[in-house]
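Have a look at it first, and then read on for what turned up.

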Amino acid sequence: MNILVTGSNGQLGNEMRVLSENHPKHRYFFTDVVSAEDIYVLDITDKAAVSAFVAEHAIDLIVNCAAYTNVDKAEEDEATAMKINADALSVLGSQGVKVIHISTDYVFSGDEHLPCKESDPVAPRTAYGRTKYAGEKNLLGVCPEAVILRTAWLYSSFGNNFVKTMIRLGHEKETLGVVFDQIGTPTYAADLAQAVFTVIECSMWHPGIYHFTNEGVCSWYDFTIAIHELAGITKCQVSPILSEEYAYRTPRPHYSVLDKSKFKKTFNVTIPYWLDGLKRCVKLLNC
Ligand SMILES: NC(=O)c1ccc[n+]([C@@H]2O[C@H](COP(=O)([O-])OP(=O)(O)OC[C@H]3O[C@@H](n4cnc5c(N)ncnc54)[C@H](OP(=O)(O)O)[C@@H]3O)[C@@H](O)[C@H]2O)c1
């Protein structure tokens, strides 16, 4: 297949580039909004450019890794987030090709105490969550055969993320307070990229919404302790704090664990435990 990957300069997009080397039977077209080495320029909000790109390269499948992911900035500029996270999905979905799209746990309220299933009611509480949910609806409206993978707490050796920030702060600070009343599942973007390839390589196309994160649960505090242990950081004292003690600009979900049963059953796979993914990532970061 000729596969168009958008947002290739982001965390997931870069992991897709790495993993594509294990799947040489396809031809890949890696794109992003700004140019970088081996990456074509393609703005997913530019309808004419997307249609021309799909036609010129005879694209069979779009993997949409592009998004407006800054949760705080989205509160101030929901219109731009809506263009990228929602309007562009109507464009990508109407190209007459298969689409795999990535969505988020932020479509849920985060008030639950049990892992969320795909069929659970959504109730986004943030601008980012609203735009991502609108994107899901727009995509399924024009392309009911699309596959949507909702994920959460992504990190990677590429880009900026919580793991890299905690390693930096662990070297800079003697004490650090990290919230322990927000529970979720850290997810290594390399494992999400593997899940995307599981969908691509499956002998049958199974359209629909799926939840995919690593296995297990923890708080941001537990996650930080693990990051510091693996990175060999010993001189920073990490303390658990409540969300109300941290000056969040945007409310964060208290419980955003996703139930992955549907993905595991449909594609007959097991998923790595979050600590296993973290070990592989920190090793790559060479700590
Ligand atoms: N990060 C998380 O914790 C998390 C959690 C749940 C779900 N997700 C979802 O997972 C997916 C991948 O996330 P990620 O962390 O890999 O995101 P990321 O690192 O922010 O990468 C997104 C990429 O898309 C690019 N982009 C922005 N606007 C674009 C446009 N108009 N056209 C083409 N490319 C554009 C970005 O460029 P610029 O950087 O220049 O804007 C960036 O390179 C997203 O759908 C995200 O919503 C992420």
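This is a predicted model: local features need pLDDT of at least 70, side-chain atom pairs count only at pLDDT 80 or more; totals for chains, interfaces and linings use all residues.

Let me start with the ligand: 25 residues surround it, and the closest are Leu12, Asp32, Thr69, Tyr128 and Lys132. Residues are numbered from 1 along each chain as its sequence is written, and side-chain values use heavy atoms, with hydrogens and water left out.

**Around the ligand**

By class, the shell has 13 nonpolar, 9 polar and 3 charged residues. Here Ala, Val, Leu, Ile, Met, Phe, Trp, Tyr, Cys and Pro count as nonpolar, Asp, Glu, Lys and Arg as charged, and the others, Gly among them, as polar. Helix 1 (11-20), strand 5 (98-104) and helix 5 (127-142) each supply at least two residues of this shell, and strand 5 gives the most, with 3 residues. Helices (H or I, at least four residues) and strands (E, at least two) are DSSP runs, numbered from the N terminus.

- Aspartate 32 places a polar side-chain atom 2.7 Å from a ligand oxygen.
- Glutamine 11 has a polar side-chain atom 2.9 Å from a ligand oxygen.
- Isoleucine 102 brings a backbone N or O atom to 3.2 Å from a ligand oxygen.

The protein covers 80% of the 900 Å² of accessible area that the ligand has on its own (Shrake-Rupley method, 1.4 Å probe; for residues, only the protein chains shown count as cover).

**Asparagine 161 and helix 6**

Asparagine 161 sits in the loop between strand 7 (154-155) and helix 6 (162-172). Is asparagine 161 buried or exposed? Its relative accessibility is 7%, so it counts as buried (under 20% relative accessible area; exposed is over 50%, partly exposed in between, with a 1.4 Å probe and protein chains only).

Asparagine 161 caps the N-terminal end of helix 6, with a side-chain oxygen 3.2 Å from the backbone nitrogen of valine 163. Valine 163 is one of the buried residues of helix 6, together with Met166, Ile167, Leu169 and Gly170. These buried residues pack against strand 7, strand 8 (175-179), helix 8 (220-231) and helix 10 (274-284), where contact means heavy atoms within 4.5 Å.

**Threonine 250**

Threonine 250 lies in the loop between strand 13 (237-241) and helix 9 (261-267). With a relative accessible area of 1%, threonine 250 is buried. Its side chain makes a polar contact with the side chain of aspartate 72 at 2.5 Å. Leaving aside neighbours within four places in sequence, threonine 250 is in contact with Val71, Asp72, Glu75 and Thr126.

**Helix 7**

Finally, helix 7 (residues 189-201) is mostly covered, with 11 of its 13 residues buried. Among them are Leu192, Phe197 and Ile200.

Enjoy exploring it!

Best wishes

Definitions and conventions. A residue is near a molecule or strand if one of its heavy atoms lies within 4 Å of it. A polar contact is a pair of N or O atoms within 3.5 Å; within protein, one must be able to donate a hydrogen and the other to accept it, and residues adjacent in sequence count only if both atoms are side-chain atoms.
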